[in-house]
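Subject: Handing over the structure

Hello,

Here is the structure I promised to pass on to you. Have a look at it first, and then read on for what turned up.

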Amino acid sequence: MRVCNLSKAACTQTSSMVECVANVSEGRNPAVIQTLQACIESIPGICFLHADIGYDAHRTVFTFAGQGKGVAAAVLALAQGCLQHIDMRQHKGIHPRMGALDVCPIIPLSEKAHDEALHATQEIALGFTHLGLGGWYYAQSAIQPAYALLPNVRKGQYEGVAARKDQFDFGRYNPRFGAVALGVRPLLVAFNVNIDGADLPLVKEVASVIRATHPEGMPGVRAIGWSTPAFACHQVSCNLVDLTACSPKSVFDRIQKEVERRGAKVRGAELIGLAPRSSFSEFDTIPLAVSYLGLNAVVPFDPNKRILESALSHCRFTI
């Protein structure tokens, strides 16, 4: 049985709501990003929570929530906007990607919402098919067992999608759009640690050492190393996919240890999107977590907008 990863009060508040954390392959054109956000906000019953824009990654992460049908409608409106405004044949960025709407996780925010998330995912896949777009199910929705892991879905990136198009789980291939990974998954935390005084191979080495697949790695951690000129540093970019096995603090501490052993320095961290309050449970208060992890190091961090429970409590649903 699934257990809500939010606080008890938030679980009650969110009832049957689901969250979508849509990853879109556009992070450099403000007008397009605003247009795509407007596509989401055009759907009644949607609470738009956050847009996390990455220039170097050339990627924006849109977070929004609502009942399943509303979220499905918002995803399909977003997909149509992506098809109109993003051409993957021209796309370049440091983040792995295979489609204009690259990853579309549907996350139940309570135990009651799990069926809601399943139904929303099915509606989205059917809608993609009607739009002439396609891709694969991943995470808890994976049909192909290997595709429970997102890196396996995205292997070969956009450039390799055409050769795999006959293997789609739903829909069909559109070369302008690429492919989408769609599925139900639990909450995770996307968390990047900033590194000064190191070259990129060193940062990639640290990312390799901490990821779960390494013999000395950390359970529940996926990581890559990349360069972020916009922030004048490199980053170890992490997805913490099992919040019972790892936390931002444990990952930050391990990266700091590995980096300092190699003669470089950590300069704070960056949270992508939102995180549940429970992921900072080692700290007495959220301000202490922000200070310890340096979450203001490269972009401003407002807990009211970036802690999921706080953001949900301030929701203003579109009508």
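Two rings of Phe, Tyr or Trp count as a pair here if their centres lie within 6.5 Å. Please keep in mind that this is a predicted model.

Let me start with the rings. By that cut-off, searching the whole structure gives eight aromatic pairs. One of them is made by Phe128 and Phe177, with ring centres 6.1 Å apart and planes at 55°, so this pair is tilted. The two residues come from distant parts of the chain, 49 residues apart: Phe128 belongs to helix α4 (residues 114–131), while Phe177 is in the loop between α5 (150–153) and β6 (180–184). Phe128 and Phe177 are both buried. They also belong to a cluster, in which ring pairs link Phe128, Tyr137, Phe170 and Phe177.

The charged end of Arg28 sits over the ring of Tyr55, at 4.9 Å from the ring centre. In the other case, the ring of Trp136 has the charged end of Arg164 over it, 4.1 Å from its centre.

Next, please find strand β2, residues 47–54. Six of its eight residues are buried, so the strand is largely enclosed by the rest of the structure. Its partner is strand β3 (residues 59–66), and the two pair in the antiparallel sense over seven bridges. If you want a place to check this by eye, look for Phe48, which stands opposite Phe64 in β3. The two strands form a hairpin with four residues between them. His58 lies in the loop between β2 and β3, and has a positive phi of about 55° although it is not a glycine. With a relative accessible area of 11%, His58 is buried.

A second hairpin is built from β8 and β9, again with four residues between the strands. Strand β8 (residues 221–228) and strand β9 (residues 233–240) run antiparallel and are joined by eight bridges. Thr228 stands opposite Cys233 in β9, and Ala232 in this hairpin takes a positive phi near 55°. A positive phi also turns up at Ala139, where the value is near 60°. You will find Ala139 in the loop between β5 (135–137) and α5, and at 16% relative accessibility this residue counts as buried.

Now to the cysteines. How many disulfides are there? The count comes to one. This disulfide joins Cys47 to Cys315, with an S to S distance of 2.0 Å. The link of Cys47 and Cys315 is left-handed, with -90° about the S-S bond. Cys47 lies in strand β2 and Cys315 in the segment after α10 (308–313), so the pair ties together parts that are 268 residues apart in sequence. Both Cys47 and Cys315 are buried.

Cys20, on the other hand, is in no disulfide: the nearest cysteine sulfur belongs to Cys104 and is 3.8 Å away, whereas a disulfide needs the two sulfur atoms within 2.5 Å. Cys20 is buried, and its relative accessible area is 0%. For Cys238, the closest cysteine sulfur is in Cys246, at 8.8 Å, which is too far for a bond. Cys238 is buried as well, with a relative accessible area of 2%.

Finally, a word on the nonpolar cores. Which residues touch the most other members of the largest one? Of its 56 residues, these are Phe64, Leu101, Ile106 and Phe128. Helix α3 (residues 68–85) gives the most to this core, with nine residues.

Enjoy exploring!

Best wishes

Terms used:
Residues numbered from 1 in each chain as written. Predicted model: local features only at pLDDT ≥ 70, side-chain atom pairs only at ≥ 80, totals over all residues. Heavy atoms only, no water. Phe/Tyr/Trp six-rings, centres within 6.5 Å; stacked < 30°, edge-to-face > 60°. Buried < 20%, exposed > 50% of the residue type's maximum accessible area, 1.4 Å probe, protein only. Lys NZ or Arg CZ within 6 Å of the ring centre and 35° of its normal. Pairing = 2+ DSSP bridges. Core = buried A, V, L, I, M, F, W, Y, C linked by side-chain atoms within 4.5 Å.
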